[in-house]
Amino acid sequence: MVQRMFISNAAQLVTMAGHTAPATKEAMSILNVIENGAVWIEDGIIVEVGTDEGLRETYKDQIEHATVIDATGKTVTPGLIDPHTHLVHAGTRENEYAMRLQGRTYMDIMEAGGGIHATTRATQQATHEALYDQSLQRLHTFLLHGVTTVEAKSGYGLTLEHELKQLEVAKQLQEDHPIDIVSTFMGAHAVPFEDKDNPEAFVDRVIHEMLPEVAEKKLATFNDVFCERGVFTPEQSKRILEAGKQYGLTPKIHADEIEPYAGAELAAEVGAISADHLLKASDKGIQAMSEAGVMGVLLPGTAFFLMAEYAQARKMIDAGVAIALSTDANPGSSPTISLPFIMNLGCLNMKMTPEEVLTATTLNAAYAIGVADKVGSLEPGKQGDITIFDVPNYLTLSYQYGMNHVDTVVKAGQQVVIGGQLQ
């Protein structure tokens, strides 16, 4: 029996329709909004998008057999997509937050054995079940904030056993939870504290021990590396990313977060799908990304929490780089699971427009993790992933900050949040 859903009478239906590639420059402002819009879904797939009047006429004989969601006075968008998270981990680091408020820097803390190393210790000590339970709660919160797809990185294991554990937890969550999870292997998140005097040995383990196992078990789509002074050099990062390509893993890169370090340039050189962070990206690097078609995934929550300068979103957009936004949800530098708040920061602290932040958290976010053929816009043939906000227009989403306006979330044609409550 066909499962039908009719989302009716939306004050604004933000479709993001008509894009055939990541949106750049002026195209980031093209939302294709339908006033008094409606969506017809069958068996989890969008069949038609249009005006409420038009779809009511087309499906008048079937509406009584459909689940009808009345979106009167509300704004309907594609399900939000978070393309950069560290979903699976154990523990928190509020003690380091207090240290930074007293003047310690992020890298100072990490070099003293805190930072990523602290979360690594907690994650290594956690059982599969404990990691699953903590990460499941985070996924519930993502869903309540309108997110229907997330990318999830490993990188808090730093040994083959524990990197596989993180990725296996993500795989189980993908099977058990409504949110779709796209996994990234990030064994090169940090040099283990015990290898700090011999980082080359760890680079070799990532390349020759971890990557083959991850690829054989089909636990990841992407391969990421933290290219930063004191972590992995551009040369080491290139070797790790090129090795990943040999195993079918698409490169991503944590680039130019703390200081200019040629990460954006490296992303272009290796053909990465995205370079992420980019707070200190050089003009040369930005231009190289534009020419190579490398997307920029910007993480304003990290700059906010670390009290750092923000990435130059306007410069990147003007240069033709396709921009996506993400929470960077992690316990050390961006402990938030609110993508709507990140949208606020995109406007208020990176001078993006309301239209650009919506593009950056739907269509472009989908392209940044390779799922734009299925999600990211409301178009026939795509999965019925939809977020309904209890606001009369999309401008309100970035105008009212620090608030969660999510009323309803539909995932593959099923209501998974109703009235702001998990189902």
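Biologist: How do the residues lining the second largest cavity divide into nonpolar, polar and charged?

Modeller: Here Ala, Val, Leu, Ile, Met, Phe, Trp, Tyr, Cys and Pro count as nonpolar, Asp, Glu, Lys and Arg as charged, and the others, Gly among them, as polar. This lining has 5 nonpolar residues, 1 polar and no charged. Its members are Pro-340, Met-343, Phe-389, Leu-397, Met-403 and His-405, and they surround about 40 Å³ of space.

The model is a predicted one, where local features need pLDDT of at least 70 and side-chain atom pairs count only at pLDDT 80 or more, while totals for chains, interfaces and linings use all residues. Residues are numbered from 1 along each chain as its sequence is written, and side-chain values use heavy atoms, with hydrogens and water left out.

Biologist: How many cavities of 30 Å³ or more are there?

Modeller: On a 1 Å grid over the protein atoms alone, a cavity is where a 1.4 Å probe fits but cannot get out; a pocket is an open set with protein on both sides within 12 Å along at least five of seven lines, and lining residues have an atom within 4 Å of a point. There are 2 cavities here. The largest cavity holds about 90 Å³. Of its 14 lining residues, His-86, Tyr-106, His-189, Asn-330 and Ser-333 sit closest to the centre. By class, that lining has 4 nonpolar, 7 polar and 3 charged residues.

Biologist: And which residues lie nearest the centre of the largest pocket?

Modeller: They are His-89, Thr-92, Asn-330, Pro-331 and Pro-335, out of 23 lining residues. The pocket has about 260 Å³ of space. Its lining splits into 9 nonpolar, 9 polar and 5 charged residues. Helix H2 (94-101) gives the largest share, 4 residues.

Biologist: How do I read two packed helices?

Modeller: You look at the angle between their axes and the distance between the axes. Take H9 (residues 263-270) and H10 (residues 283-292): their axes come within 7 Å and cross at roughly 20°. That makes H9 roughly parallel to H10 (angles under 35 degrees count that way). The residues in contact (heavy atoms within 4.5 Å) are Ala-264, Glu-265 and Ala-268 in H9, meeting Lys-284, Gly-285, Ile-286, Ala-288, Met-289 and Ala-292 in H10. They divide into 6 nonpolar, 1 polar and 2 charged.

Biologist: At what angle do H8 and H9 pack?

Modeller: About 30°, with the axes 11 Å apart. H8 is therefore roughly parallel to H9. In this contact, the H9 residues are Leu-266, Glu-269 and Val-270, while those of H8 include Pro-234 and Lys-245. The classes here are 4 nonpolar, 1 polar and 4 charged.

Technical notes
Axes are lines fitted to C-alpha atoms, for helices over the stretch in contact, and angles run from 0 to 180 degrees between N-to-C directions. Helices (H or I, at least four residues) and strands (E, at least two) are DSSP runs, numbered from the N terminus. Angles under 35 degrees count as roughly parallel, over 145 as roughly antiparallel, 65 to 115 as roughly perpendicular and the rest as oblique. Grid points are joined across faces, edges and corners, and a volume is the space filled by probe spheres set on the points.
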